[in-house]
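Biologist: Before we discuss the rings, please put the model up. I would like to go from the overall fold to the aromatic pairs.

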Amino acid sequence: MKSFINVEDLGPLDKAMAEAFEIKNDRFKYQHLGKNKTLMMIFFNNSLRTRLSTQKAAMNLGMNVIVLDVNAGAWKLETERGVIMDGDKSEHLLEAIPVMGCYCDLIGVRSFAGLSDREYDYAETVLQQFIKYSGRPVFAMETATVHPLQAFADLITIEEHKVVERPKVVLTWAPHCRALPQAVPNSFAQWMNAAPDVDLVITHPEGYELDPKFVGNARVEYDQKKAFEGADFIYAKNWSNPGVTNPADYGKITCDDRSWTVDTEHMSWTNNGKFMHCLPVRRNLIVSDDVIESPNSLVIPEAANREISCSVVIKRMLEAL
């Protein structure tokens, strides 16, 4: 596996899931694969779970780890070609990337959407430059449009906690005070569509439609209560306007309806549903205190499974070296 961005990069999903549970039972089983190998983790944005879980996974597999915070302790990087570099950016990504590749065997990249130019974001411009110029296998630690390590961990969590063979899983938009990317909901929808035994429903205000390539065969329901009825899992996440129905709205907050906040009443519409969120979460905006602190909240097991999803991906990449 030379790159990991989307669910299809893993190959047969059932085999990847089996591998995840194998690794969860013995996290150091494949430690020999990473001996004398180095992972470089490159962060253009802040991180807690991704940084810790990815580093832990690499260490479990016997790897050395280098962490680079591009905006703290490194030269400011220019990412676009053709720019006259007479501002505050001292180095171009096109020189920096091959230099980074000299010092490692694998590269993980985290880079968020700018939310001003949809075409630029959805072309995954920054990530694709790493794939093209680093000379190393590259995996996404969240990008402008996807967060596959999170979605893989979400699927592992659902498999562990489901009580019916084919659970109803609802991805619900929730309000937020800042404009956020669509990466998490995009990947969640993509991975749930790829799973053979998930009934996926997506609910959000009108105008917040995700890109059809991620929505896939999911049912879209604009009435949140109807969407929640009989649900086994509720996955709450805010995203800014994806600009699908109106490109001029891309990256903007065009709805701030607080009635979409997931609280006890919302969860009462479900089939004793479990609550999920990728974290960090704005309490009493995305979800109420009582819901996220309830026995049905899976946010901590979900976060713990980030170590497992990342272990599978790094293992696959090490095996391909």
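**Fold and aromatic pairs**

Modeller: The accessible surface of the chain (Shrake-Rupley method, 1.4 Å probe) comes to about 13800 Å², with 49% of that belonging to carbon and sulfur atoms. This is a predicted model, in which local features need pLDDT of at least 70, side-chain atom pairs count only at pLDDT 80 or more, and totals for chains, interfaces and linings use all residues. Residues are numbered from 1 along each chain as its sequence is written, and side-chain values use heavy atoms, with hydrogens and water left out.

Biologist: What radius of gyration does the chain have?

Modeller: The radius is taken over C-alpha atoms, and the globule rule is 2.2 Å times the number of residues to the power 0.38. For 321 residues, a compact globule would be near 20 Å. The chain agrees with that, at 20 Å.

Biologist: How are the planes of phenylalanine 4 and tryptophan 191 arranged?

Modeller: Rings of Phe, Tyr and Trp (its six-membered ring) pair if their centres lie within 6.5 Å; planes under 30 degrees apart count as stacked, over 60 as edge-to-face and the rest as tilted. The structure holds eight aromatic pairs. In this one the ring centres are 6.3 Å apart and the planes stand at 70 degrees, so phenylalanine 4 and tryptophan 191 are edge-to-face.

Biologist: Are phenylalanine 4 and tryptophan 191 buried or exposed?

Modeller: Buried means under 20% relative accessible area, exposed over 50%, and partly exposed in between (1.4 Å probe, protein chains only). Of the 321 residues of the chain, 56% count as buried. Phenylalanine 4 and tryptophan 191 are both buried.
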